[in-house]
Amino acid sequence: MTFPILQWHRITKDYRELLPKASGVYVMTDATGTPIYIGQSTNLAQRVSSSHQNYSYAKHICFAECPKDDRLELEKSLINHYKPSLNVTYKFINTDGNTWV
């Protein structure tokens, strides 16, 4: 699957005012810029605010608005690429026992 060109925004403070109430994907990074958590939501403003309270050691938040149909696939691809420490790797287990990563 190819993704549309996304405009990524990086925010450090006053992020609640900058986050849209739109569908998208967000990446929380540590002080070195390493992704520590990747998530998606139908309402970025609400979801990132609640996640940031749980992961207060995240120093930066990057986000991109994207269509609802693309956000799950984009989140999965980013998690599998960066393997952030606070995410679980996506695994799909078929009924016959086969596993796909």
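Where does Asn43 lie? Asn43 is in the loop that connects strand S3 (35-41) to helix H2 (44-54). Helices (H or I, at least four residues) and strands (E, at least two) are DSSP runs, numbered from the N terminus.

This is a predicted model, in which local features need pLDDT of at least 70 and side-chain atom pairs count only at pLDDT 80 or more, while totals for chains, interfaces and linings use all residues. Residues are numbered from 1 along each chain as its sequence is written, and side-chain values use heavy atoms, with hydrogens and water left out.

| Side chain | Backbone nitrogen | Distance |
|---|---|---|
| Asn43 | Ala45 | 3.3 Å |
| Asn43 | Gln46 | 3.1 Å |

Leaving aside residues up to four places away in sequence, Asn43 is in contact (heavy atoms within 4.5 Å) with Pro20, Lys21 and Ala22.

The chain holds three helices and six strands, in the order β-α-β-β-α-β-α-β-β along the sequence. Strand S2 (residues 24-29) pairs with S4 in the antiparallel sense over six bridges; pairing requires at least two DSSP bridges between the strands. Ile61 in S4 is the bridge partner of Met28. Strand S4 (residues 60-65) is largely enclosed by the rest of the structure, because five of its six residues are buried (under 20% relative accessible area, 1.4 Å probe, protein chains only). Of the 101 residues in the chain, 43% are buried.

Definitions and conventions
Buried means under 20% relative accessible area, exposed over 50%, partly exposed in between (1.4 Å probe, protein chains only). A polar contact is a pair of N or O atoms within 3.5 Å; within protein, one must be able to donate a hydrogen and the other to accept it, and residues adjacent in sequence count only if both atoms are side-chain atoms.
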